[in-house]
Amino acid sequence: MKERHQYIFIDFEFTMPERNVRMKNFFPEIIEVGLVSVIDDQITEQFSSYVTPLKFPALSERCKSFLHISQQQVDTGISFFEFIRKLEEFKKNIQTTIVTWGNMDMKVLRHNCMEAGLKFPFNATELDLSMEYKRFFGDQNQTGLWKAVQEYGKEGTGRHHRALDDALTTYNIFRLVEKDKRYLEKPKPTTIGDRVDFSKLLNEFA
């Protein structure tokens, strides 16, 4: 019997400083989360929310413009502590892999937890799908999420830089890459029995 497996596809959007402005002790904080839980090839749950940053609550103009997120949306989001509690709800007693596009999401989450004095909420295998994609297709450079989906002749889900849309797009690329990997797996070598129909052969000599 096949062992159950959970994949959690995650995308975060982060704060960013103004361009060419040095902010003392600034670090990126998560302000939007998109999460898709998939168990046995079925989406079991989706979660999306804005998150209020702890250390630098005022968004820069660059951040608001780039992400199309307003100060009010972030101010009325869940607290970082609620956000971590929500992530912990996705712990299951089954093997789990967290899938992100790029390695920044998990780096920022770890750093945010450290700054808040909280334990990292996951104990799971982590997969950077952008590196998997790069290795699979032999690209020299890392490809952006939506460029990757367009290279497949598809369109991304919803709008780029919306966390849940990007998480769903990551899931869709994951499925396409896994399908291609299965397709390219070497078939088992055929035996002489597969190539020759011995019943016909015996009839000829009967």
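The side chain of threonine 100 comes within reach of the backbone oxygen of glycine 102, at 2.9 Å. That counts as a polar contact, a pair of N or O atoms within 3.5 Å in which, within protein, one must be able to donate a hydrogen and the other to accept it, with residues adjacent in sequence included only if both atoms are side-chain atoms. The model is predicted, so to speak of local features takes a pLDDT of at least 70 and side-chain atom pairs need 80 or more, while totals for chains, interfaces and linings use all residues. Residues are numbered from 1 along each chain as its sequence is written, and side-chain values use heavy atoms, with hydrogens and water left out.

Threonine 100 sits in strand β5, residues 95–100; strands (E, at least two residues) and helices (H or I, at least four) are DSSP runs numbered from the N terminus. Threonine 100 is buried, at 4% relative accessible area, where buried means under 20%, exposed over 50% and partly exposed in between (1.4 Å probe, protein chains only). Leaving aside residues up to four places away in sequence, threonine 100 touches Ile10, Asp105, Met106, Leu127, Asp128, Leu129, Ser130 and Thr170, contact being heavy atoms within 4.5 Å.

Now for the backbone. Most residues other than glycine have a negative phi. Aspartate 40, not a glycine, has a positive phi of about 50 degrees. This aspartate 40 lies in the loop between β2 (30–39) and β3 (42–52) and is partly exposed, with a relative accessible area of 39%. Histidine 68 also has a positive phi, near 55 degrees. Histidine 68 belongs to the loop between α1 (61–67) and α2 (71–75), and is exposed at 55% relative accessible area.
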